[in-house]
Amino acid sequence: MKTQHRARKRFGQNFLHEQSVIEQIIQALGPKAHQQIIEIGPGKGALTASLIHRGANLTAIEIDRDLAALLRQEFHENANFKLLEQDVLQLDFNTLLGPEKPARIIGNLPYNISTPLIFHLLDYLPGIADMLFMLQLEVVERMCALPSSKAYGRLSIMCQYYCDVEKLFEVPPQAFSPAPKVTSAIVRLKPRRQALLEDPKLLETLLRQAFAQRRKTLRNNLQGLVPAEQLKALDIDPGLRPENLSLLDYVRICRWLGQQLSE
């Protein structure tokens with residue numbers, strides 16, 4: 001493939017070129033013939049070629065027009081390749097997904113869209129089998145973080161509510177061109193199929209308020225939503241900070257909130 005494309009800062013482009021890392025990622029995904037796979041941000045096609053050659057039915061989503069042209073030029077003869085040229089944050093994934101044949105999603109996500117995109121994809125999990133993403137190490141650590149750790153927060157809880165989250169391995173800056181200033185990591189998300197809450201949107205509302213001012217206590221942050229006495233009744237100390245509570249603690253609060261709304 002022609003490689004004259006220059007990385008664009010506004011799209012956060014860093015192109016993977018290290019063949020050993022490419023092979024490690026493909027091995028971690030384990031694509032099989034005829035599987036529905038969606039690749040977000042294929043770039044110059046480092047992973048794309050391997051996915052196509054493994055026989056997967058691949059839909060690639062690329063926002064950069066020049067890169068889209070390069071991808072079409074390289075892969076247009078492959079019947080198992082389809083390219084969507086658009087902003088993935090604006091994409092209705094229901095047009096690509098169906099619970100009867102869940103798709104697998106893979107992508108090297110730029111830092112500036114990684115968190116919004118993950119939250120966007122959480123709305124489409126019934127049609128997703130699993131997701132394998134390359135992200136900044138800092139983001140992966142936030143996704144996998146445990147309660148009372150510095151990295152633990154809203155992203156950790158939401159990801160762990162909806163998915164089993166597993167950090168697989170780190171990728172050094174020199175595996176990319178241009179080399180980013182940070183280390184990256186590969187993370188796997190496997191959607192949970194048993195819901196802990198009837199209305200998960202309550203959890204989003206609760207977390208947004210709980211973590212609005214991270215240094216303040218639950219008593220202060222949840223004022224007007226959950227009384228301190230009610231937190232005590234749920235065996236939760238209102239003097240704790242939001243990062244001290246586990247996912248199941250937040251689920252207990254949400255179940256109480258749900259009861260209040262239904263009365």
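The model is predicted, so local features need pLDDT of at least 70 and side-chain atom pairs count only at pLDDT 80 or more, while totals for chains, interfaces and linings use all residues. Residues are numbered from 1 along each chain as its sequence is written, and side-chain values use heavy atoms, with hydrogens and water left out.

**The second largest pocket**
- About 270 Å³ of space lies in the second largest pocket.
- It has 14 lining residues, and L125, P126, Y162, R192 and A195 are the closest to its centre.
- The lining splits into 9 nonpolar (Ala, Val, Leu, Ile, Met, Phe, Trp, Tyr, Cys and Pro), 4 charged (Asp, Glu, Lys and Arg) and 1 polar (the others, Gly among them).
- A pocket here is an open set of points on a 1 Å grid over the protein atoms alone, where a 1.4 Å probe fits, with protein on both sides within 12 Å along at least five of seven lines; lining residues have an atom within 4 Å of a point.
- Its volume is the space filled by probe spheres set on the points, which are joined across faces, edges and corners.

**Helix α7**
- Helix α7 covers residues 201–210, and L202, L203, E204, L206, L207 and A210 are buried there (under 20% relative accessible area, 1.4 Å probe, protein chains only).
- Helices are DSSP runs of H or I with at least four residues, strands are E runs of at least two, and both are numbered from the N terminus.

- S177 and P178 are joined by a cis peptide bond, with omega about -10 degrees.
- P178 sits in the loop between β8 (176–177) and β9 (184–191).
- S148 is not a glycine, yet its phi is positive at about 70 degrees; its loop runs between α5 (137–144) and α6.

Conventions. Buried means under 20% relative accessible area, exposed over 50%, partly exposed in between (1.4 Å probe, protein chains only).
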